[in-house]
Amino acid sequence: MIEIFERSFALRSLMLAGLLAATPAWAQQYPVKTVRIIAPFTAGGTADTLGRIVAAKLTESLGQTFIVENRPGAGGVLGSDLVSKSVPDGYLLVVSGVASHVIAPALAAKSPFDPVRDFTHIALLGGPPAVFGVHPSLPAKDLRAFVMLARTKPKELVYGSPGNGTQGHLMAEVFQQAAKIKIVHAPYRGASIAVVDIVAGHIHAISTTLTTASSQIRAGRIRALAISSTSRLPDWSDVPTFQEAGYRDVVGTVWFSLSGPPGMPAEIVSRLNTEVRRILQLPDVRERLRGDGIGPNQLDVKAFNDFLTAEVKRWTPIVRASGARAD
């Protein structure tokens, strides 16, 4: 087994060395064949949607087909790990993000990859903020009233989230600590089930992505008290931010990005970053995403990598302090 592993490692090293030596010529011609983008979550979610929007536009602009393949499992780890161990030629990429590259590795007793070192991080795609909402029957019309109610009923109010260690769970934990309240966490296996239960009145509150809860908020079945963006959103101008209520640390988005295996040529990375940033500024793409609170970004490769590193440093201790473990 050791001999087989050594031969495999040596072969991959030779392939990488060959690719690096040939970088100038073939990188300028990239892509010359179909590019696969792994979405490490189920179809229909934000990762899948963003991946398909970007893939379709890249197909148009770069002249080769970009396809999205769903490889869900282990909070995005399975599909991401597949890409991290592939040849860094730019033809196998992954829709990375805070769930798969920040939270999941912190939840795991032993992650199969280092979220920074074992990938080439290309571009930020964006993502929706978290929203904290309550059932309309709860006598809390705003976040301040909810905090006052929670202080009079410690450990009586129950909030649901998409699951242990999800961004919804962690945002609510940061809010709890900042507000000095104690509310009970009910982890669900997915956001849609939590939304069903709050609409039915089985739980008092919910902390999830704005994307997931938006239709029920618009229908008046969930009262949105605050969102985790840095400012109010154009399509949700009546929903204040946590920062407006005085909770300046309750900020963040459930962001997604585009990454590849470690060692990708800088020319390809730069080209993809430029194209993705251009795509996210297109009027039809902006219109498609703004209803979910996803705005365009203009982070170049270095700025995005700095952002990702900062997110890992920020959320890893919060995940571990929460006591959450991978389901």
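I began with the largest cavity, which is lined by Leu125, Leu280, Val285, Arg286, Leu289, Ile294, Gly295 and Pro296. The model is predicted: local features need pLDDT of at least 70, side-chain atom pairs count only at pLDDT 80 or more, and totals for chains, interfaces and linings use all residues. Residues are numbered from 1 along each chain as its sequence is written, and side-chain values use heavy atoms, with hydrogens and water left out.

**Entry 1: the cavity.** I noted the terms. On a 1 Å grid over the protein atoms alone, a cavity is a set of points where a 1.4 Å probe fits but cannot get out; a pocket is an open set with protein on both sides within 12 Å along at least five of seven lines; lining residues have an atom within 4 Å of a point. A volume is the space filled by probe spheres set on the points, with grid points joined across faces, edges and corners. I found 1 cavity of 30 Å³ or more in the structure. The volume of the largest cavity is about 40 Å³. Helix H11 gives the largest share of its lining, 3 residues. I sorted the lining by class and got 6 nonpolar, 1 polar and 1 charged. Here Ala, Val, Leu, Ile, Met, Phe, Trp, Tyr, Cys and Pro count as nonpolar, Asp, Glu, Lys and Arg as charged, and the others, Gly among them, as polar.

**Entry 2: the pockets.** I read about 1,200 Å³ for the largest pocket. Its lining has 46 residues, and Phe41, Gly75, Ala99, Pro162 and Thr166 lie nearest its centre. Elements that each supply at least two lining residues include H3 (46–62), H5 (98–107) and H7 (167–179). Helices (H or I, at least four residues) and strands (E, at least two) are DSSP runs, numbered from the N terminus. By class, I have 22 nonpolar, 19 polar and 5 charged residues for this lining.

The second largest pocket has about 600 Å³. Gly127, Gly293, Ile294, Gly295 and Pro296 are the closest to its centre, out of 28 lining residues. Ile294, Gly295 and Pro296 also line the largest cavity. H12 gives the most to the lining of the second largest pocket, 4 residues. Its classes are 11 nonpolar, 11 polar and 6 charged.

**Entry 3: the strands.** I checked S6 (residues 158–161) and S7 (residues 184–187), which pair in the parallel sense over 4 bridges. Two strands pair if DSSP finds at least two bridges between them. Serine 161 stands opposite proline 187 in S7.

**Entry 4: the rings.** I counted 10 aromatic pairs. Rings of Phe, Tyr and Trp (its six-membered ring) pair if their centres lie within 6.5 Å; planes under 30 degrees apart count as stacked, over 60 as edge-to-face and the rest as tilted. Phenylalanine 113 and phenylalanine 119 are edge-to-face, 5.0 Å centre to centre, with 90 degrees between the planes. Phenylalanine 113 is buried, at 5% relative accessible area. Buried means under 20%, exposed over 50%, partly exposed in between (1.4 Å probe, protein chains only).

Why is the pair of phenylalanine 132 and phenylalanine 146 edge-to-face? The ring planes stand at 70 degrees, with centres 5.1 Å apart, so the pair gets that label. Phenylalanine 132 is in S5 and phenylalanine 146 in H6, 14 residues apart. Phe132, Phe146, Phe175, Phe242 and Tyr247 form one aromatic cluster.
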